[in-house]
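This report concerns a structure to be read together with its sequence. Please keep both at hand while following the account.

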Amino acid sequence: MSVLEVENLRIEIEGTGIDIVDEISFHIEAGEVLGLVGESGSGKTTVGLSLLGHQRRGAKIVAGQVRVDGKDILERSPAQLRALRGGTVSYVPQDPSAALNPALRIGRQLEEVLAAHRFGSSHEERLREMLEEVLLPTERSFLRRYPHQLSGGQQQRVGLAMAFACRPRVIVLDEPTTGLDVTTQAHVLATVRMLCRAHGVAALYVSHDLAVVAALADRVAVMYAGRIVEIGRERDLFLASAHPYARRLVEAIPEISGEHELVGIPGTAPRPGHRPTGCFFAPRCDYAVDICREQFPPRERVAERREVRCHRWQEVLAEAVHDRPLAAVRTNGASADALISIRNLQAAHGERPVLFDIDLDVAPRQCVALVGESGSGKTTLARCIAGLHRNFTGELALRGIPLRPGARNRSRDTRRDIQYVFQSPYSSLNPRKTIGQIIGQPLRLFFDLPRRDQHARIVHALERVQLTSSVVDRYPHELSGGERQRVAIARALVSEPALLVCDEVTSALDVSVQAAIVDLIAELQREMELGLLFVTHNLALIRTIAQEVAVMSAGRIVEHGPVDRVLDQPEAEYTKRLLADTPSLESALAIAE
Amino acid sequence: MTAVAPAAAVAAPPVGRPLTILLRRAWRAVRTKVGVVLVVLVVALAVIGPFFAPHSPTEFAGIPYSHASSALPLGADNLGRDVLSRFLWGGRSVLGLALLATALGLAIGVSIGLVAAYSRSILDDVLMRAMDVILAFPSIVLALVAVATVGPKLWLLVLVVGFTTAPRVARVTRGASLEIVERDFVQAAEALGESRTRILFGEILPSITSPLMVEASLRLTYSIGLIAGLSFLGFGVQPPSADWGLMINENRQGLTIQPWGAVMPVIAIAVLTIGTSLIGDGLSRAAIGLERGGGER
Amino acid sequence: MSTAIRFVRRGISGFVLRRVLLGLLTLLLVSVIVFAATQALPSDPARAILGRTATPESLAALRKQLNLTGSIPGQYAHWLKGFVTGDFGNSLAARGEPVTQVLGKRLENSAFLVLIAGEVSIPLSILLGVLAARRRDGPFDHTSSLLMLALAALPEFVVGIALVVLFGTTVFHWLPAVSLIPPEDTPFQHLKALILPVATLVLAVSPYIARIMRASMVEVLESDFVEMARLKGMPERHVLWRHAVPNAVAPAIQVIALNLAYLAGGIVVVEFVFGYPGIGSALVDAVANRDLPVVQALAILIAGVYVALNLMADVATILVSPRLRTSLR
């Protein structure tokens with residue numbers, strides 16, 4: 001008997017009869033990690049929380065069973081549920097900085113779990129053990145600290161300690177490494193794996209990051225629009241998925257080797273209440289035939305412990321996976337003269353220096369990737385170039401002409417030549433303006449055009465980013481994240497710049513959308529012969545788009561060179577470590593072999 | 001990402017202009033409708049009431065504090081004037097003065113708040129310290145100081161009430177703008193070289209209309225109370241003019257004999273202020289709901 | 001926080017010191033406003049007080065008494081010096097008695113009124129706020145939120161008169177409609193006369209505190225750490241009082257202080273309505289009589305109360321938030 005069995009779980013939006021997730025069934029053995037992956041809005045967290053008999057405001061479990069050691073927890077009384085939570089089934093939250101009570105000391109928060117579940121006799125000794133298990137310092141002074149006095153990694157370790165405190169049977173981990181840098185993430189993941197194996201805990205690992213799941217999970221369930229579309233052993237699923245969505249999702253993951261082209265999935269997942277009859281993925285699916293649009297596919301067994309919901313899984317499976325198109329050969333069209341050149345640049349935030357001795361060139365028609373973890377200073381450098389960060393010294397020149405700090409101090413032509421695309425399209429578009437007004441703004445400022453020509457240019461810019469002209473009168477909130485980022489790109493390109501600076505433009509987007517945006521930028525760069533500075537924390541993205549890469553760490557460029565050389569034979573210690581710690585599908589699967 | 005409450009993640013994004021969406025959503029709440037009905041009722045009373053007044057508001061029509069009769073439906077006041085006629089005439093001054101004062105306070109407060117939030121410099125400190133100094137006086141005390149020096153003048157009331165409203169509006173404006181100023185679209189406009197004035201009034205101001213509308217209705221509520229209160233204390237509208245605040249003061253000594261002279265204006269002011277604050281609350285709830293991503297609450 | 005005095009010591013004592021300095025600076029600016037409003041206006045206060053028929057001699061005498069001779073900065077310096085040394089000048093109305101003497105007893109009466117009102121309204125409104133937030137969108141929450149909304153909207157004199165009509169004069173005759181306290185008595189001896197004014201102040205102030213407390217609690221109850229506490233299997237009572245309330249109080253402290261300060265202004269109208277012999281009614285009388293020295297003294301006093309309460313609130317907020325405490329170290 002499995003430790004955890006979930007049977008036909010259905011969760012609705014309270015009082016509406018609209019389902020958020022439905023027909024969810026899976027089971028987890030002792031010591032096994034099941035990865036639950038899906039894009040935002042797929043319902044994975046909702047499912048995760050239901051294992052504790054908990055739902056957030058507005059959601060309600062209406063049918064199904066969640067059995068722990070054979071007993072259904074959904075039938076329990078509130079008091080019995082309390083005894084279960086944190087005791088038999090525990091939870092590790094997404095954002096530990098928000099999940100620890102800011103007003104209580106760490107020790108108190110750890111101890112109250114033990115107290116509430118009357119675990120063990122000596123709390124003090126158990127506390128020591130708990131801290132040791134998650135590799136935290138065991139001094140008393142550590143227990144007297146408040147959450148804000150810990151680093152992000154330490155906070156998450158406290159979360160882990162709390163979850164493992166009462167030796168649970170089941171543990172739910174909800175994207176516990178989001179927001180941690182890759183090295184910390186690698187350590188936290190190793191701890192999780194070790195603890196689950198050692199104590200025979202059945203773990204559900206909820207994540208949007210397939211690479212992380214590949215590195216950790218024994219089996220994987222893929223969710224799409226509130227349903228599990230495929231579940232199976234991690235290797236089978238990633239190497240030869242039987243569901244078209246799972247397959248496209250894998251193809252959308254950037255790989256460090258960069259052998260294959262990144263392929264996004266067009267369209268967006270349908271929201272609850274707006275889901276079609278038939279297969280929910282059918283509108284976006286290449287394999288869809290009539291039956292897919294009429295009938296929701298049943299659960300079918302592909303192999304031992306492997307199930308899929310697709311009418312055409314046999315055809316999908318028959319097709320070789322590695323038909324995935326190879327990446328186009330990246331020609332280096334760069335010319336000798338630098339478009340933008342940076343020499344000996346130093347920058348500070350207030351009194352605190354953040355950038356040291358930066359030298360970097362971007363040639364016309366060349367794409368340079370700027371890679372680093374959060375806090376490495378890469379965004380500050382990009383902002384210096386765009387005139388958004390003024391506090392710097394050193395040389396910064398466009399086509400040999402020095403640039404002054406601050407966009408306002410630069411000429412109209414300079415401002416037009418350098419365009420910037422921000423990280424989050426949710427923040428970079430004014431919610432009170434129409435798309436037409438947003439794209440029209442640079443036109444008004446840089447070109448003296450009659451109204452009719454303006455409109456034509458706006459429509460042209462939209463077409464260039466593959467949006468229809470019908471969005472001109474819409475507001476940003478009516479568009480999806482990917483569409484908004486396209487608008488932001490259109491705003492940058494409408495001024496016909498020479499240099500485009502893209503700051504983490506995909507990090508706020510889902511994987512399937514990310515691939516499409518990167519693809520679009522690469523294509524536009526070739527077409528419009530732009531110089532491109534592509535800032536990212538994701539090493540796996542750069543081979544797809546860049547010819548050169550500069551790796552940043554702690555405010556300095558630690559390694560700089562052609563992409564293939566840096567990724568294949570890294571010289572700097574930091575680059576080597578970064579490459580080793582970055583979770584990727586390829587390496588995870590290689591280890592599994 | 002997944003932290004969004006399910007209910008919020010679910011609702012389809014409403015279509016259309018954000019301001020229209022806000023108003024439509026606010027209107028859906030019963031309390032907003034009730035508020036609008038109450039306000040419309042009192043405003044209509046104040047505006048067209050005088051045309052239905054049976055007597056002149058200053059004419060002596062009966063014995064002081066005489067009870068209701070067919071000639072004087074609500075009886076007579078402390079000097080023997082018709083309570084109904086004075087009541088029908090007495091709303092215009094409160095409404096007019098309160099509206100003017102609120103408008104003045106909003107104009108000054110919004111400008112100061114926007115400039116302070118966007119300046120990111122010592123100017124922000126200086127402006128907000130100055131606002132704090134004015135805030136150190138309860139509004140009514142500042143008004144009384146001014147009246148003590150200049151005397152009870154109506155223009156002074158508008159000026160002082162506007163002046164005490166401004167720092168409160170400035171605080172709210174600055175508070176709401178601080179978060180907007182950090183958004184990338186403001187930076188995007190800066191990088192494009194948009195002028196400061198256009199950034200303040202074209203990018204930031206439209207983004208804070210919902211908190212400002214809530215604040216405006218709140219400020220209007222207080223201005224009404226303050227102006228009526230000053231008249232009640234005897235420092236606002238002067239006798240023999242008809243004014244609700246003044247009427248309460250004139251007739252409160254006779255409450256045991258003939259309550260209508262004081263009670264009617266009390267009811268009218270109460271209905272008006274409750275109405276404006278219900279509207280404010282409806283707007284505020286709608287705005288919060290929208291921020292959360294469309295939840296119905 | 002002002003950059004100008006950021007160099008002052010770090011740490012909590014440094015923080016308090018900075019705040020005190022800032023408060024004193026505010027008070028200084030307050031005095032400038034009061035002075036400007038009462039003395040430096042282009043109109044001649046002496047003429048305004050005595051009217052058109054005044055003789056040149058009486059005008060000159062009053063100008064001298066009002067300290068209206070000499071340059072404006074000189075006048076201000078002289079006036080401020082008097083203030084700092086406790087000399088508020090002489091009342092123009094009360095037979096030329098010193099202002100301190102006119103106000104002494106009344107100050108006690110008002111303080112008594114405000115303290116009682118504060119002691120009733122603060123615990124009451126915190127409890128109301130917590131209860132409403134706990135059963136959010138339940139019947140209690142809906143009723144109390146509408147009631148609080150309506151009460152917050154009503155001007156105090158409307159509440160006061162309504163209470164008088166209900167309990168004093170017209171509907172019932174349970175309580176005195178006026179709170180006359182003979183000069184030789186303390187308010188303690190006339191508690192029945194205090195019920196209506198205190199009730200008015202409580203009704204005027206509680207809605208604000210209750211609403212901020214509710215809003216603050218709602219936010220905290222929605223937070224990740226409260227969800228986490230529940231998922232750790234903590235009993236609901238423990239979650240509410242140990243995890244949620246301590247975090248919800250911090251934002252409410254500022255509002256409580258603001259409202260106590262507001263009580264200091266609210267008493268002006270309330271005391272007038274009930275004829276209560278405190279500084280509020282004294283201020284109204286002084287304004288009616290154009291007794292400028294009394295007006296000046298009271299305006300600065302009330303502003304001083306505000307500044308002091310704000311200071312205490314800032315310190316209290318720091319003390320209840322570990323995070324802020326650390327950031328000061």
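The sections below cover the basis of the model, two interfaces and one residue.

## Basis of the model

This is a predicted model, in which local features need pLDDT of at least 70 and side-chain atom pairs count only at pLDDT 80 or more, while totals for chains, interfaces and linings use all residues. Residues are numbered from 1 along each chain as its sequence is written, chains are lettered from A and ligands numbered from 1 in the order in which they are written, and side-chain values use heavy atoms, with hydrogens and water left out.

## Domains of chain A

Chain A is divided into domain 1 (1-103 + 152-217), domain 2 (241-329) and domain 3 (340-427 + 498-592); the bounds come from an automatic or database domain assignment. Taken over C-alpha atoms, the centres of domain 1 and domain 2 of chain A are separated by 26 Å.

## Interface of domain 1 and domain 2 in chain A

In chain A, 12 residues of domain 1 are in contact with 10 residues of domain 2, where contact means heavy atoms within 4.5 Å. The two domains of chain A bury about 970 Å² between them, 48% of it on carbon and sulfur atoms. Buried area is the accessible area (1.4 Å probe) that two parts lose on being put together, summed over both. Glu23(A), Glu39(A) and Leu210(A) supply 44% of the area that domain 1 of chain A buries against domain 2 of chain A, more than any other three residues.

Four salt bridges are found across this interface of domain 1 and domain 2 of chain A, a salt bridge being a side-chain nitrogen of Lys or Arg within 4 Å of a carboxyl oxygen of Asp or Glu. The side chains of Asp19(A) and Arg275(A) form a salt bridge, with an N to O distance of 3.4 Å. On the side of domain 1 of chain A that touches domain 2 of chain A, strand S1 (4-13) and strand S2 (18-28) of chain A each supply at least two residues; strands (E, at least two residues) and helices (H or I, at least four) are DSSP runs, numbered from the N terminus. S2(A) provides the largest share of that side, six residues.

## Interface of chain C and chain A

Between the chains, 22 residues of chain C are in contact with 28 residues of chain A. Chain C and chain A bury about 2300 Å² between them, 56% of it on carbon and sulfur atoms. In chain C, the residues that lose the most area to chain A are Met228(C), Leu231(C) and Lys232(C), together 28% of what that side buries.

The interface of chain C and chain A holds four salt bridges. Arg57(A) and Asp137(C) meet through their side chains in a salt bridge (3.0 Å, N to O). Helix H9 (224-231), helix H10 (236-274) and helix H13 (322-328) of chain C are the elements that give two or more residues to the side of chain C that touches chain A. H9(C) gives the most to that side, with six residues.

Gln155(A) lies in helix H7 (residues 152-164) of chain A. With a relative accessible area of 8%, Gln155(A) is buried; buried means under 20% relative accessible area, exposed over 50% and partly exposed in between (1.4 Å probe, protein chains only). Leaving aside neighbours within four places in sequence, Gln155(A) is in contact with Pro96(A), Ser97(A), Leu100(A), Pro147(A), His148(A) and Leu150(A). Gln155(A) and Val511(A) are 356 residues apart in sequence and 27 Å apart in space, C-alpha to C-alpha.
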